[in-house]
Amino acid sequence: MTDLTQTVAEGTPRRALRIDWTLALFALLAIALALLVVGPLSRLFIESFSDPETGAFTFGNFVEVATRSRYLVAYGQTLQLAAITVVLSLLLALPMAWAVSRTDMPARGLFHFGVIGAFIMPPFLGAIGWILLAGPNAGWINRIWASATGSTEPLLDIFSVWGLAFIIALNVFPLIFIFATSALDLISSEMEEAAAIHGAGPMRTTWIVTLPLALPAILGATMLVFLETIALYGTPALIAIPARYNVATTQLTTFFEYPARIELAMAFSVPLVLITLVLLIAQRLLLKGGHVSVSGKGGSRQPMRIGRWKWLLLAHGGVVTLLAVVLPAAILISTSFQVAWAKAPTLDNLTLRNYREILFEQETVMSALWNTMSYSLVAATACTALGFAVAYLVIRRLLPGARALAFVAVAPVAVPGIVLAICFYAAYAGPPLSLYGSGALVIVAFVTRFLPISFVSCASGVRSMNPELEEAVLIHGGSRLRALVEVVAPVLKKSLLGVWILVFVICSRELSTAMFLTSYDNRVVSILTLDLSEQGRYENLAAMGVLLLVITSAVVAVGIKLLGRDFMIRKT
């Protein structure tokens, strides 16, 4: 009996304990994400309430910020600049959006390329282009004006609050165009036709019918433009500082003059973060209900016939594209081939020397170009992978606390880039990690800064997938990781490529986040632009900028070829 029992026991297969290491991997991912976001951002509040000498809790930093007129003026002028920029952006974007979405205007497709071009143009390069065009003393527009009229007064002075707002608006108006176009595309034309039957003309119909329906999306976009303006550093550094117009981001840099006062910089940053949070919440509430259409399926959409108005709208879009893309790019290209940018582009003033210098002779420029491309490539890859993994974890609820993890993933969107840079500086520049001056710190900051873009885009893709394919992998013995790599990723490959390209382009032009994290040895193009501008080396600067534009344009062109011409507009 004993032998029989032993034989049966030996013949019975034992089921091995199976551990799904994928869940352990996801748990580690969640911890890493929390450390990546929560750690640096917590320093914002810890340092702002810390006494610089004793480290004790204090409100003194906020009292100093609230009682110094220079700081209050910086806040006020920042809000003034943002308000002017919003108005100018609406004037630039809304006619274009309405013309493209609702009317029979010809060549509507070309406007999309103008918007993409404005997005590709880095803000600091656009500012440099307009300094060369409309600088009060040597700008080409003013020189031509003086030559034609004999006037000693400049026609345009870009070094003013209106000049600063104009340049920023040329860079951020695509946000309003994208939101407004998306909302207008969903509106049925039946109500517009009814208004026309009752005698309303195209303009009145648009004013009383179309725009009110798209108003929530337009208001949401204006809030984003407002936030983008108060967070921008590169353009104010090039325009506002010479104009003696102090704004919040330029004021923040003064706290890092010797001796650095990190705690005061943090306290000064808190109101900016609170403004951002309030406006983001308001924007979400505005867009929460979505767009309401009279017809259940959106109804028919017929282009509105606007007669001769279409040519005026076409001219408007052409002028916006000319100001935002063509003129800055043209002056940068022209300057890059000149011995001296202020002289006429005659044959004796043309040269290839600027390109030879930045590619083969000037190690600083070559290093900045290499750093920009390598940091952008690594950051875009890591950001896309991390956003994809976190989105999958959250949407499929693989771990408890998925909603909290989603909140952490999108939290950096509420922190302006220059403030996030200060947080990373405070968290990791000193001991024990001492990462200041390393490329790793810049890459980690880029990944954190743009993780919300990757997460939201990837979450939308994962949410649209039926989980049955993944369940089939699990039923046949596969792991979650295998389902993620072999099923989900291939299905969403176009979406992931679109996210990667978008993050790559944004990283290549990012200045605010890199501001306090780079040293002399690991500068990127955006930081070097400020240095070359201060030295007056516009010829080398232009050549470097043209190379950056060529590289990013080539990457975007590949994306357009593979994903369609509107992929960046949809992702943005």
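User: Which residues line the largest cavity?

Analyst: Rolling a probe the size of a water molecule over the atoms shows where empty space is left. On a 1 Å grid over the protein atoms alone, a cavity is a set of points where a 1.4 Å probe fits but cannot get out, and lining residues have an atom within 4 Å of a point. In this predicted model, local features need pLDDT of at least 70, side-chain atom pairs count only at pLDDT 80 or more, and totals for chains, interfaces and linings use all residues. Residues are numbered from 1 along each chain as its sequence is written, and side-chain values use heavy atoms, with hydrogens and water left out. The lining of the largest cavity consists of Ala118, Met121, Pro122, Pro123, Gly126, Ala127, Trp130, Ile167, Leu170, Asn171 and Ala324. Two or more of these residues come from each of α6 (123–134) and α8 (161–185); such helices are DSSP runs (H or I, at least four residues), numbered from the N terminus.

User: Which element gives the most to that lining?

Analyst: α6 does, with four residues.

User: Where is the kink in α14 centred?

Analyst: The bend at a residue is the angle between axes fitted to the seven residues ending there and the seven starting there. In α14 a kink of about 45° is centred on Leu322.

User: Is Asp521 buried or exposed?

Analyst: Buried means under 20% relative accessible area, exposed over 50%, and partly exposed in between (1.4 Å probe, protein chains only). Asp521 counts as exposed because its relative accessibility is 62%. Asp521 lies in the loop between α22 (493–509) and α23 (525–535).

Conventions: On a 1 Å grid over the protein atoms alone, a cavity is a set of points where a 1.4 Å probe fits but cannot get out, and a pocket is an open set with protein on both sides within 12 Å along at least five of seven lines; lining residues have an atom within 4 Å of a point.
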